[in-house]
Amino acid sequence: MSDSEETLPNSEEEWRERLTEEEYKILREQGTEPKFSGDYLDVDDEGEFTCAGCGAELFSTDNQFDSGHGWPSFFDVVEEGNVETRLDTSHGMRRTEVVCATCGGHLGHVFDDGPEPTGKRYCINSAALDFDAGE
């Protein structure tokens, strides 16, 4: 567990102080960044993606692929249990929301149209992530 995971904010006011305006909109208010606008859509370095809210390890460049949908896409998580899913019926759709299991922050959605071996496409907002390049 990282230091940031041990000291999670206890109120929305503390979350607002900790996160940027865009991070807060995505992680705490289930927002979505515009298509093709995120910093991590095209990453050339190898490394791990962590939750921008708490630092939990979520995804790896080993599992990233270009889905052409406009957001960073992954076919698997770093470790089972690091993310949770919930039914999302907002905007008149039925989707599966992906949230950080540690802090509950909204990350994006997962769909069943990804590549093998999982067939999953985790469509994740760049603003919900931080990137740690490998050495």
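The following legends describe close-up views of a predicted model.

**View 1. An open sheet of 3 strands with antiparallel pairing.** The strands follow the order S2-S1-S9. Strand S2 (57-60) and strand S9 (129-133) are the edge strands, each of which pairs on one side only. From one strand to the next, the twist averages 30°.

**View 2. The pairing of strands S1 and S2.** Strand S1, comprising residues 47-51, pairs with S2 in the antiparallel sense, and 3 bridges join the two strands. Phe49 has Phe59, in S2, as its bridge partner.

**View 3. An open sheet of 6 strands with antiparallel pairing.** The order of the strands is S3-S4-S8-S7-S6-S5. At the edges lie strand S3 (64-65) and strand S5 (83-88), and each pairs on one side only.

**View 4. The pairing of strands S6 and S7.** Strand S6 (residues 95-100) runs antiparallel to strand S7 (residues 106-111), with 4 bridges between them. Opposite Glu97 stands His109, a residue of S7.

**View 5. The salt bridge between Glu12 and Arg28.** A search of the whole structure finds 5 salt bridges, and the pair formed by Glu12 and Arg28 has its closest N and O atoms 2.8 Å apart. Glu12 lies in helix H2 (residues 12-18), whereas Arg28 belongs to the loop between helix H3 (21-27) and S1, so the pair ties together parts that are 16 residues apart in sequence. Glu12 counts as partly exposed because its relative accessibility is 35%, a value in between the limits of under 20% for buried and over 50% for exposed.

**View 6. The salt bridge between Arg16 and Glu29.** The closest N and O atoms of this pair are 3.6 Å apart. Arg16 is in helix H2 and Glu29 is in the loop between H3 and S1; the pair thus links distant parts of the chain, 13 residues apart. With a relative accessible area of 44%, Glu29 is partly exposed.

**View 7. The salt bridge between Asp112 and Lys120.** The side chains of Asp112 and Lys120 meet at 2.6 Å, N to O. Asp112 is exposed because its relative accessible area is 65%, and the cut-off for that class is over 50%. Its partner in the salt bridge is Lys120, which counts as partly exposed at 30% relative accessibility.

How values were computed:
Residues are numbered from 1 along each chain as its sequence is written. This is a predicted model: local features need pLDDT of at least 70, side-chain atom pairs count only at pLDDT 80 or more; totals for chains, interfaces and linings use all residues. Side-chain values use heavy atoms; hydrogens and water are left out. Two strands pair if DSSP finds at least two bridges between them. Axes are lines fitted to C-alpha atoms, for helices over the stretch in contact, and angles run from 0 to 180 degrees between N-to-C directions. A salt bridge is a side-chain nitrogen of Lys or Arg within 4 Å of a carboxyl oxygen of Asp or Glu. Buried means under 20% relative accessible area, exposed over 50%, partly exposed in between (1.4 Å probe, protein chains only).
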